Amino acid sequence: MFLLPKGNPLFENLAATKLKLPEVMTKLSTAGFTGYASFVFQTATAILVFESGQLVCALLEDRNGVRQTGLAAMSDLCQLMQTSGSGILNVYKLSKDLAICIHALLEGEIRYKAQELKLIDIKTLLEKIKSDQMNGCLRIYTDDRSAMIFYKEGNPLGFFHDGSHDIETSSSESQKIASLPDAKIDLFSTQSAEVLMGINLLEVVNVQNLWDSALALQQSQAGKVDREREERDKKDIGIKLATLEEDIKNIVIEYVGKVGRGIVDKEIAGLGGNTCLADSTKTSSLLAAIERSAKLLISTTKIKLMQEKLLSLIAAAVLEDL
Amino acid sequence: MDQFLTFFGQLQTFDIIQVIFWGLAGAVSFHFSIGNARVWTSIAIGFFLIFLSQAYTINPWLHYYKLSAYHSIIGTVAIMMITHGFLEYYVFCRTFEISGNKLTVYLTVLVILACSGGFLLINPTPSPNTLRNIKMVENAIWVFLSVMNLELVRKIYLAIKDSTISKGFIAFGIVFFCILLWKGSELYLQIYQWDRDWQDIIAMMTEESSDIGQYPLRVELSQTVSRYAGLLSGFSVGGTFIYIYRLLK
């Protein structure tokens with residue numbers, strides 16, 4: 001997923017699922033924050049770019065590379081914060097210029113994505129950037145490190161790597177990452193800073209509403225899940241009760257004969273169906289009723305043996321939580 | 001005292017054996033009714049009442065006609081109780097419903113017997129002819145209900161034939177077959193006026209005659225069947241209850 005160099009850390013590794021997005025937005029906005037906040041979840045990453053407390057860009061990319069921006073990104077972020085089991089928030093301070101570059105990058109177009117550096121003729125690529133007078137960014141990265149080179153009209157503008165606060169002139173970090181065996185590159189074309197829209201998303205998007213809607217949706221889904229689980233549990237219990245009822249009938253038939261089925265059917269129906277088997281008082285009544293009928297058909301010794309067998313069957317079923 | 005000694009001296013050994021058998025059967029069935037399920041109470045009490053109805057043979061006050069009639073009424077109540085019991089058992093086999101309690105059965109029987117006694121007390125003393133009519137009605141009821149009980153027993157057996165007690169109902173079938181022969185042969189004699197009571201009556205009524213002399217074989221056969229089937233009935237009832245008691249123990 002999309003990984004930016006870390007910048008100057010303000011907060012790192014905050015538990016994103018315990019935070020409320022409206023409160024985070026208010027805090028960063030009122031502090032006049034410039035930089036970016038990245039939310040990293042197992043399924044997606046979101047980057048929010050701030051310039052002087054204004055939320056100028058919101059991007060959310062899932063693990064398949066599908067991107068959402070603006071309102072959709074904010075909405076999905078709200079849902080992720082409420083539904084994900086884990087996630088972290090990192091906030092990095094940047095200079096205003098670097099923030100504008102990041103903003104431009106996030107709104108730019110992907111030209112090449114995840115190309116293995118060792119398979120690319122980097123020299124030819126750089127020459128093409130220069131000859132095309134391209135505005136853009138070359139991102140060099142591995143799984144855990146990242147560096148960027150910004151270009152303006154084909155000329156390198158500067159570098160951005162972990163720990164940078166501003167656009168730097170040193171290329172050493174970029175070269176280090178480029179020399180790693182699993183290094184890859186992305187090439188983005190960007191629009192110039194003059195063309196970028198400077199809309200404050202916090203004025204356009206009601207984050208509190210998005211948060212509340214996501215919360216309501218999450219609660220409704222949780223309720224649905226609870227209901228489904230409840231129905232499934234009920235169904236499971238129903239199956240277990242039916243099995244227990246059949247086992248009871250088989251034992252009674254074994255001792256009393258085939259009329260035993262009718263006796264159990266009648267007594268269970270009289271106690272309100274096989275749910276009575278989950279109630280200890282009703283189960284005792286059932287056993288007493290079966291005994292009363294069995295007295296007309298079999299010997300006391302057999303009744304005793306049958307009752308013992310029935311009791312142990314029911315006790316075992318209760319132990320298994322029915 | 002001399003009267004009693006004379007009375008017992010006149011009793012036939014066969015009658016005494018028959019009453020003893022019914023006494024044993026009555027004791028066994030009454031004991032059975034105490035220790036078992038409610039449905040058995042009617043059946044067991046009914047069989048116990050047969051003993052009371054048969055005890056007329058050894059009743060020294062039998063010359064009181066009202067008492068004699070009372071024996072017949074007890075006999076009728078007996079077969080009705082037995083039938084009621086088997087009917088309840090059959091209903092249980094089909095619906096698995098058990099209702100009522102033993103005390104109600106005991107009290108109901110007592111009330112019926114008391115009312116019957118009251119009925120005899122408030123009415124004139126029955127003549128020998130009336131007494132014979134009462135006995136004939138008793139026998140007719142016995143025959144009809146014995147056939148019905150044979151059918152009930154068959155149906156009960158089919159419903160519970162894989163239960164422990166099912167063989168007990170085969171024994172009851174034998175009991176009712178013996179009773180049918182016993183009471184049927186008596187009724188046959190009464191209907192054709194070949195019974196002893198009728199012979200005693202016509203002995204005092206000179207204008208009546210009897211054709212008993214023309215059918216000695218039939219009369220003899222019926223009397224023999226009645227005697228031995230009665231004996232076997234008492235024996236089979238006692239045996240059946242002992243057998244069922246062992247099955248249910």
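Guide: A polar contact is a pair of N or O atoms within 3.5 Å; within protein, one atom must be able to donate a hydrogen and the other to accept it. The model discussed here is predicted.

Visitor: Which side chain does Ser72(B) join in a polar contact?
Guide: Start with the location: Ser72(B) sits in helix H4 of chain B. Beyond residues up to four places away in sequence, Ser72(B) touches Ile134(B), Lys135(B) and Glu138(B). The polar contact is 3.4 Å, within the 3.5 Å limit. The partner side chain is that of Glu138(B).

Visitor: Is Ser72(B) buried or exposed?
Guide: The cut-off for buried is under 20% relative accessible area. Ser72(B) has 4% relative accessibility, so Ser72(B) counts as buried.

Visitor: What area is buried between chain B and chain A?
Guide: The size of an interface is often given as the accessible area lost when the parts come together. Here 19 residues of chain B are in contact with 19 residues of chain A. Carbon and sulfur atoms give 59% of the buried area. The area itself is about 1,500 Å².

Visitor: Which elements give two or more residues to the side of chain B that touches chain A?
Guide: The interface also counts seven residue pairs in polar contact, both residues at pLDDT 80 or more. On the chain B side, the elements that give two or more residues are helices H3 (38-54), H4 (65-95), H6 (128-160) and H9 (216-248).

Visitor: How many nonpolar residues are on the side of chain B that touches chain A?
Guide: Sort that side by class. Three residues are polar and three are charged. The nonpolar residues number 13.

Visitor: How many residues apart are Glu254(A) and Lys309(A)?
Guide: Their side chains meet in a salt bridge of 3.1 Å, N to O. Glu254(A) is in helix H7 (residues 207-256) of chain A, and Lys309(A) is in helix H10 (residues 300-319). Lys309(A) is partly exposed, at 33% relative accessibility. The pair links distant parts of the chain, at a separation of 55 residues.

Visitor: Why does the pair of Asp195(B) and Arg132(B) tie together parts apart in sequence, and how many residues apart are they?
Guide: The two side chains meet in a salt bridge of 2.9 Å, N to O. Asp195(B) lies in the loop between helix H7 (166-191) and helix H8 (196-204) of chain B, while Arg132(B) lies in helix H6, so the parts tied together are apart in sequence by 63 residues.

Visitor: Which residues do salt bridges that share partners join into one network?
Guide: Over all chains, the count comes to 14 salt bridges. Those that share partners make one network, joining Glu245(A), Lys249(A) and Asp265(A).

Visitor: What is the radius of gyration of chain A?
Guide: The C-alpha atoms of chain A fill a box of roughly 105 × 45 × 30 Å along the principal axes. A compact globule of 322 residues would have a radius near 20 Å. Chain A instead has 34 Å.

Visitor: How far apart in space are Pro22(A) and Lys302(A)?
Guide: Pro22(A) is in helix H1 (residues 21-30) of chain A. Leaving aside neighbours within four places in sequence, Pro22(A) is in contact with Val207(A), Gln208(A) and Trp211(A). Lys302(A) is 280 residues from Pro22(A) in sequence. From C-alpha to C-alpha, the distance in space is 73 Å.

Notes:
Residues are numbered from 1 along each chain as its sequence is written. Chains are lettered from A and ligands numbered from 1 in the order in which they are written. This is a predicted model: local features need pLDDT of at least 70, side-chain atom pairs count only at pLDDT 80 or more; totals for chains, interfaces and linings use all residues. Side-chain values use heavy atoms; hydrogens and water are left out. Contact means heavy atoms within 4.5 Å. Buried area is the accessible area (1.4 Å probe) that two parts lose on being put together, summed over both. Helices (H or I, at least four residues) and strands (E, at least two) are DSSP runs, numbered from the N terminus. Ala, Val, Leu, Ile, Met, Phe, Trp, Tyr, Cys and Pro count as nonpolar, Asp, Glu, Lys and Arg as charged, and the others, Gly among them, as polar. The radius of gyration is taken over C-alpha atoms; the globule rule is 2.2 Å times the number of residues to the power 0.38. Buried means under 20% relative accessible area, exposed over 50%, partly exposed in between (1.4 Å probe, protein chains only). A salt bridge is a side-chain nitrogen of Lys or Arg within 4 Å of a carboxyl oxygen of Asp or Glu.
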